[in-house]
Amino acid sequence: MAKKILILSPHADDEISGCGGYMLKEIAAGATVHVVYATIGVSTVVRTARHGLPRLAV
């Protein structure tokens, strides 16, 4: 039975720089690879409307 692999990536392209070679190796061996991006598509530091303080985007 083929492997099923889930890659969690904080931003687009991070999965390639972090584990692109591993992904290629596993795909060539018949694995199914899925990537989940944990980003909202903007800068990771945003300002809160109330306090003007930087916080991490969720």
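# Exercises on charged and nonpolar residues

Glutamate 15 sits in helix 1, which spans residues 14–28. Helices (H or I, at least four residues) and strands (E, at least two) are DSSP runs, numbered from the N terminus. The model is predicted: local features need pLDDT of at least 70, side-chain atom pairs count only at pLDDT 80 or more, and totals for chains, interfaces and linings use all residues. Residues are numbered from 1 along each chain as its sequence is written, and side-chain values use heavy atoms, leaving out hydrogens and water.

**Exercise 1.** Describe the surroundings of glutamate 15.

*Solution.* 
- Step 1: burial. Glutamate 15 is buried. Buried means under 20% relative accessible area, exposed over 50%, and partly exposed in between (1.4 Å probe, protein chains only).
- Step 2: Glutamate 15 has no salt bridge. A salt bridge is a side-chain nitrogen of Lys or Arg within 4 Å of a carboxyl oxygen of Asp or Glu. The nearest side chain of opposite charge is lysine 25, 18 Å away. Lys and Arg count as positive, Asp and Glu as negative; His and the chain ends are not counted.
- Step 3: neighbours. Leave out residues up to four places away in sequence; glutamate 15 then touches Ile7, Ser9, Gly20, Met23, Val35 and Tyr37. Contact means heavy atoms within 4.5 Å.

**Exercise 2.** Find the salt bridges and trace how they are linked.

*Solution.* 
- Step 1: count. The rule gives two salt bridges.
- Step 2: take glutamate 26 and lysine 3. Their closest N and O atoms are 3.3 Å apart. Glutamate 26 lies in helix 1 and lysine 3 in the segment before strand 1 (4–9), so this pair ties together parts 23 residues apart in sequence.
- Step 3: take glutamate 26 and lysine 25. Here the closest N and O atoms are 4.0 Å apart.
- Step 4: check accessibility. Glutamate 26 is buried at 7%. Lysine 3 is partly exposed at 48%. Lysine 25 is exposed at 55%.
- Step 5: join the pairs. Lys3, Lys25 and Glu26 form a network of salt bridges.

**Exercise 3.** Which residues form a nonpolar patch on the surface?

*Solution.* 
- Step 1: apply the rule. Patch residues have over 30% relative accessible area and no salt bridge; like charges are joined within 9 Å, nonpolar side chains (Val, Leu, Ile, Met, Phe, Trp, Tyr) within 5 Å.
- Step 2: name the members. They are Leu6, Leu8 and Val36, with about 310 Å² of accessible area together. Accessible areas come from the Shrake-Rupley method with a 1.4 Å probe.
- Step 3: Valine 36 is in strand 2 (residues 32–37). It is partly exposed at 40%.
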